[in-house]
Amino acid sequence: MSVKAHPFSRGARVLVPAVAAALLAVTTAACDSDTTSEGTSSSVRTLTPDHAEHEESPSSEQSPGTEQSPRTQQSFAASVSAETERVRQEAVKRLDGVEGRGNAVADVSVSGLPVAASEEVRSARVRVTNPTDEPAFYAVKVEFVGAEDKVLDTVVVGVEDAPPGRTVDVQANSRKAAGVKTFPRVAQAERG
C-alpha cells in the first residue's frame, strides 16, 4: 500500500523556512531602528565608570553588553568609595559635638543583615526617614553589640540630602564584628 503525499506538503516545507527568515529579518531591522520619539530627549545624562557625568548622543551609545575595562571599573569603584568616605567623615564631624543620643534617633532604625562565619564583615541596614519638609544630612553611629551587651565595634555612616518624607537605606559594615553573632543598635543620630 502506498501513501500519497498531499500536493501542498512539499511547498509548505519550502515555504516555512523562507517565512521564518523573512520574519527574522523584519524583527532585526525593527530592533536596529531609531526609537527616539516626541517627548524623548535626544541626549541623556548618565553616570558611567569612565566619566562621572556626560551627555550621551545617539551616535555615542554603547551597547548594553559592552564591558568596561577593568581599570575603568576599578577607578569607578574607587570614586564611589572616596565619596562614601567623604560623607562618613562629615558624619563623624557632626557627631563630635552632639550631647546624648542626638536629635534624630526617632528618624532612624537599624537591623542586622544575615551573617555567615566566612564573611569578612558584619553588616547592618540603617534606615533613615526624613520627616521634615527639606532635604537633610543625617549622621548615624551604629554599635555592633555582642553577648552580655558588650560593644564589639562602632561604625559611623552618613546620609547626604535625605529627601523629605522619604526613607533612605545605607549599610554599616564592621570588620571587627565579622563572623560573630551581634545585634546592631543606634547609638546616636543627628539631623542637621
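1. In this predicted model, strand E4, which spans residues 122-129, is joined to E7 by eight bridges, and the two strands run antiparallel. One of the paired positions is Thr-129, whose bridge partner in E7 is Thr-167.

2. The pairing of E4 with E7 belongs to an open sheet of three strands, ordered E3-E4-E7, in which the pairing is antiparallel. Strand E3 (108-112) and strand E7 (167-174) form the edges, each of them pairing on one side only, and from one strand to the next the twist averages 25°.

3. A further antiparallel pairing links strand E5 (residues 136-145) with strand E6 (residues 151-162) over nine bridges, and here Ala-139 has Gly-158 in E6 as its bridge partner. Five residues lie between the strands of this hairpin, where Glu-148 takes a positive phi near 60°.

4. The largest nonpolar core comprises 18 residues, and those with the most contacts inside it are Val-108, Val-126, Val-128, Tyr-138, Val-140, Phe-144 and Ala-172. At least two residues of this core are supplied by each of E4, E5, E6 and strand E8 (183-191), with E5 giving the largest share, namely five residues.

5. Val-140 deserves a separate look. Leaving aside residues up to four places away in sequence, Val-140 touches Leu-95, Val-108, Val-126, Val-128, Val-155, Val-156, Val-157, Val-186, Gln-188 and Ala-189.

Note on methods
Residues numbered from 1 in each chain as written. Predicted model: local features only at pLDDT ≥ 70, side-chain atom pairs only at ≥ 80, totals over all residues. Heavy atoms only, no water. Pairing = 2+ DSSP bridges. Helix = DSSP H or I, 4+ residues; strand = E, 2+ residues; numbered from the N terminus. Axes fitted to C-alpha atoms, helices over the stretch in contact; angles between N-to-C directions. Core = buried A, V, L, I, M, F, W, Y, C linked by side-chain atoms within 4.5 Å. Buried < 20%, exposed > 50% of the residue type's maximum accessible area, 1.4 Å probe, protein only. Contact = heavy atoms within 4.5 Å.
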